[in-house]
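Subject: Structure handover

Hello,

I am passing a structure on to you. Please open it first, then read my notes below.

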Amino acid sequence: MARVLVGVKRVIDYAVKIRVKPDKTGVVTDGVKHSMNPFDEIAVEEAVRLKEKKLASEIIAITCGPAQSQEALRTALAMGVDKGIHVEVSGPEYETLQPIHVSKILAKIAQNEKIDLIILGKQAIDDDSNQTAQMTSGFLDWSLATFASKIEKGEKDVTVTRDIDGGHEVVTLKLPAIVSADLRLNEPRYATLPNIMKAKKKPIQKLSPKDLGVDTTPRIKIISVEDPPTRQAGQIVPDVDTLIAKLKEKGHC
Amino acid sequence: MLTQMIIRKLFNLRNANKRNNLKLSQRCFSSHLPELTKNRYSVKRGNYAVLTEDHKQFFIDLLGSTRVITNPDECLSYNVDWIKNVRGYSTCILKPKTTEEVSNILAFCNDNRIAVCPQGGNTGLVGGSVPVFDEVVLSTSLMNKIYSINDTSGVLVCQSGCILENIDNALEEHGLMAPLDLGAKGSCHIGGNVSTNAGGLRLLRYGNLHGSVLGLEVVKADGEVIDLLSTLKKDNTGFHLKHLFIGSEGTLGIVTKVALQCPPKPRAVNLAFLGLQSFEHILRTLKRAKQELAEILSSCEMIDASTLDVCTDNLKLKSPLSQYPFYMLIETHGSNNEHDQEKLNKFLEDAIAEEYILDGTTTNEINKMKHIWDLRERITEGYTKDGYVFKYDVSLPIEKFYSIVPAMREKLANEDTVRISGYGHLGDGNIHFQVSAREFSQQLLKKIEPYVYEYTSDLRGSISAEHGIGFRKPKYIHYSKSSGSIKIMKQLKTMFDPYGILNPYKVLP
């Protein structure tokens, strides 16, 4: 049975309307509703299902971030994860924490905890990097399957169906391996009250990047964050002929 | 950020249809039209003028041809209610944009004895918003301007045809929210909400519209505009006339503008969905919730197992829990999430420990809360897929809240029904009770009515808690109102609308 590691990130809830800070250095996060990154939730759900099928022995969830990040860990624990690891990074250090740092942290913990399978969300919906699974695979030199829509775990390998443009690709990886979860992998469960209560008693281990020997000096500088261009207002035309004339005028037909 | 938008779309796709369904179902009328109301319920047409070309020309001169609809196909959706219970055959739909236009229309109709059916979002459930015969439909759909929102006082002033959800979205920019929320919010108009005194899901916390409407502008049947558009919280000068137009279903006047007192949008919202064994346990949970969640409790709803099936079977929604005889939704609104969560969790832990709640889930994630609310808000829509629905909306003393369901199941044991079930606003003592059958049947109707009203009346309940009287219930109003009060209502009607042109055949017997 495999030991599984999942990564969870606390991000702005995807149902919230995003506001860019006036100085364009990032987005407004104060007083904004946060939740677990939806792709991470899918990763957690998949790990829990593996455990329910007796294909996983223990699931560890890890998060990197300030104190509030523990909310995401609690949610993961309530869904069925066994143990949480909180790598505390706060203030300006968290603002410049990048996929390369997270990947190094994940790699280190995977080695320390003797992990066989890492399942990560394909990307976090706040920075859209889509790099962590890939870089972790690089640091560990483990096989990688991105954008999984199906995971079937065997004795010494794992078969992953990947969502690719216009179809699927099925690959088999030798364990230990890393898989990144896509939207269609599963539909995450709701944590039930008894499990939410049990989760409060589950252990959360606190670590710092230093404990793991990871240097968090930023490698990338964010120059500016901007709103997408606003759509121009439409125009109502009286009839089809005018419509065609207008389209021709603008070179659309 | 971009993914944030894409994922929002994808998730919405995955949980397809949503509320748009309601709007869709209002448009797709080709199949299964209900029988004409005048035939099904054998009503006699009042002595009103039959619309002539000259009348139509007057409307066209007033509004322009695009705002006078006479094409039968386009008229159809205005003639049928969305649960397909009733159908009229109006050939003229008017879409004014201003109070002045409404005033001119009514003055003309009053002089020519043309009957008028006011219509908002047409989401009513008692046939109050569609014509019975050929009444001219006055739709408020183009009266959709929001005039002002005051951040400090929380007062919003708008036209009556604003869609509730649009109002709510506009208020959100100011840190406020609409004082009412209901399943039909994506379609219903605030003027219709006011005219029917709509209740909704959070009446328990924010009170009803008699409290939150500060002022109204109303047009009387003769076209006179009555300015009651106060924006003051306190105003004890003379009779409080606005209340006459709240809940009188467009029979005394047409609401054209509304001033609403809006509460701040809560910073912390939590929702619990619970599974319970019996109605006794529900009562216990309600009592404890009121005591322990106290000032943060914003909604307390109940759904029975058979009702939840219309969501899971008919609409293919997923329930987060396995099967239980009863379910409850408990929501909190507050300003500090840590405080609220602690309170809610303590309450739920105790309830589980004492075993009056069997299972449950709790969340404050926006989309998860929405999915859970869908299980409650989309029941009406899910029910329509059963076939024909006999819908009742009664207030009962809280101890007897659910008793009507087993009583009705017993009475209809030998009838051909699909489902007999109840759900509703537990915290307000208001149960929505319904019987669905594959199709409408007079025999079944006679078994249900007036029994359901007698049952309610015997317990001193209300035969219409929040849906109103509309077309379907005038002859039963006496089960809830004394003859003295009905007499005064009739006198008021004659005073405001001497020729009875406003929403005839509705409300009063």
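A salt bridge here means a side-chain nitrogen of Lys or Arg within 4 Å of a carboxyl oxygen of Asp or Glu. By that rule, two salt bridges cross the interface of domain 2 of chain B and domain 3 of chain B. Please keep in mind that this is a predicted model.

First, the layout. Chain B is split into domain 1 (22-139), domain 2 (146-261), domain 3 (268-379) and domain 4 (386-467).

Now the interface. Nine residues of domain 2 of chain B contact twelve residues of domain 3 of chain B. The size of an interface is often given as the accessible area lost when the parts come together. Here domain 2 of chain B and domain 3 of chain B bury about 870 Å² between them. Carbon and sulfur atoms account for 50% of that area.

Next, the polar side. Glu377(B) and Lys185(B) form a salt bridge, with their closest N and O atoms 3.4 Å apart. Eight residue pairs are in polar contact across the interface of domain 2 of chain B and domain 3 of chain B, both residues at pLDDT 80 or more. On the side of domain 2 of chain B that touches domain 3 of chain B, five residues are nonpolar, one is polar and three are charged.

Last, the annotation. An unreviewed UniProt entry places "domain: FAD-binding PCMH-type" at residues 86-265 of chain B. That span is 23% helix and 21% strand. Its end C-alpha atoms lie 37 Å apart.

Best wishes

How values were computed. Residues are numbered from 1 along each chain as its sequence is written. Chains are lettered from A and ligands numbered from 1 in the order in which they are written. This is a predicted model: local features need pLDDT of at least 70, side-chain atom pairs count only at pLDDT 80 or more; totals for chains, interfaces and linings use all residues. Side-chain values use heavy atoms; hydrogens and water are left out. Domain bounds come from an automatic or database domain assignment. Contact means heavy atoms within 4.5 Å. Buried area is the accessible area (1.4 Å probe) that two parts lose on being put together, summed over both. A polar contact is a pair of N or O atoms within 3.5 Å; within protein, one must be able to donate a hydrogen and the other to accept it, and residues adjacent in sequence count only if both atoms are side-chain atoms. Ala, Val, Leu, Ile, Met, Phe, Trp, Tyr, Cys and Pro count as nonpolar, Asp, Glu, Lys and Arg as charged, and the others, Gly among them, as polar. UniProt positions are given in the numbering used here, feature names are shortened, and annotations may be inferred rather than shown by experiment. Helices (H or I, at least four residues) and strands (E, at least two) are DSSP runs, numbered from the N terminus.
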